[in-house]
Amino acid sequence: MARVRLSVAERREELLRAAIGQIEARGVAAVRIADVAAALGVSNALVLYHFSTKEKLVAAAFTYAAEDDLAHLRKLLGRRTTALRRLRAAVRWYAPTGQAKGWRLWIEGWAVALREPALREVTRDLDRQWKAAITEVVAEGVAAGEFSCADPAGAALRLTALLDGLAVQLTSYPGSVPRARAQEWVDDALARELGLDREALAER
């Protein structure tokens with residue numbers, strides 16, 4: 001069967017999604033242009049036409065993944081409901097016990113970012129935007145009198161650091177922390193940062 005002709009933008013997106021899948025499956029170091037091409041049944045030349053090197057393909061794939069994650073975060077935090085409910089939804093989605101996908105991808109990205117400046121900027125920007133979005137909603141909740149937090153930016157940093165660390169544990173060392181216990185820790189941390197007890201957090 002002949003392949004459907006895609007626009008340049010559609011083809012790039014298809015290639016980026018395939019690259020993300022191959023990076024998650026093989027790791028950045030092992031993945032090849034040929035792997036991405038084979039996953040879609042296209043030629044190496046087609047991949048290289050859109051991304052002239054593996055390094056550029058990998059950087060673009062992580063940028064694409066970051067934009068996708070940030071779009072979902074903004075959707076959660078933009079709902080017409082209380083700041084507490086928006087925060088709880090965002091934190092539970094982002095947590096490695098939630099529905100967020102691709103933790104293996106981001107752990108790979110952090111490791112490679114130690115040596116690749118372009119990828120380091122992608123991961124740093126994602127981290128910066130996550131913290132800024134969480135900080136903003138915490139501040140909104142404080143202003144609305146929903147909860148108390150003397151340092152919204154510090155709270156955002158501590159929460160994301162906990163979530164990132166748990167993601168490494170649950171992804172790299174399956175079984176090291178029961179998922180239910182990790183979720184309890186996440187809820188405890190969120191409640192503590194907002195000056196609430198966990199029961200109140202669950203009820204609101």
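The largest cavity in this predicted model has a volume of about 40 Å³. A cavity here is a set of points, on a 1 Å grid over the protein atoms alone, where a 1.4 Å probe fits but cannot get out. Grid points are joined across faces, edges and corners, and the volume is the space filled by probe spheres set on the points. By this rule, the count comes to 1 cavity of 30 Å³ or more.

Which residues line the largest cavity? They are Ala19, Ile23, Val31, Arg32, Ile33, Val36, Lys54, Leu57 and Val58, where a lining residue has an atom within 4 Å of a point. By class, this lining has 7 nonpolar, no polar and 2 charged residues. Ala, Val, Leu, Ile, Met, Phe, Trp, Tyr, Cys and Pro count as nonpolar, Asp, Glu, Lys and Arg as charged, and the others, Gly among them, as polar. Helices H1 (8-26), H2 (33-40) and H4 (54-77) each supply at least two residues of the lining, and H4 gives the most, with 3 residues.

I turn now to the overall architecture. The protein has 10 helices and 0 strands; helices (H or I, at least four residues) and strands (E, at least two) are DSSP runs, numbered from the N terminus. The C-alpha atoms fill a box of roughly 55 × 35 × 35 Å along the principal axes.

Residues are numbered from 1 along each chain as its sequence is written. Local features need pLDDT of at least 70, side-chain atom pairs count only at pLDDT 80 or more, totals for chains, interfaces and linings use all residues, and side-chain values use heavy atoms, with hydrogens and water left out.

Next, the helix packing. The axes of H4 and H7 come within 9 Å and cross at roughly 5°; axes are lines fitted to C-alpha atoms, for helices over the stretch in contact, and angles run from 0 to 180 degrees between N-to-C directions. H4 and H7 are therefore roughly parallel, a term for angles under 35 degrees.

H1 and helix H6 (residues 103-113) have axes that come within 9 Å and cross at roughly 80°. They are therefore roughly perpendicular, the term for 65 to 115 degrees. Ile20, Ile23 and Glu24 of H1 and Arg104, Leu105 and Glu108 of H6 make the contact.

Finally, the whole structure holds 5 aromatic pairs, that is, rings of Phe, Tyr and Trp (its six-membered ring) with centres within 6.5 Å. The rings of Trp93 and Trp130 have centres 5.8 Å apart and planes at 10°, so the pair is stacked, with planes under 30 degrees apart. Trp93 lies in helix H5 (residues 83-94) and Trp130 in helix H7 (residues 117-143), 37 residues apart.

Definitions and conventions: On a 1 Å grid over the protein atoms alone, a cavity is a set of points where a 1.4 Å probe fits but cannot get out, and a pocket is an open set with protein on both sides within 12 Å along at least five of seven lines; lining residues have an atom within 4 Å of a point. Angles under 35 degrees count as roughly parallel, over 145 as roughly antiparallel, 65 to 115 as roughly perpendicular and the rest as oblique. Contact means heavy atoms within 4.5 Å. Rings of Phe, Tyr and Trp (its six-membered ring) pair if their centres lie within 6.5 Å; planes under 30 degrees apart count as stacked, over 60 as edge-to-face and the rest as tilted.
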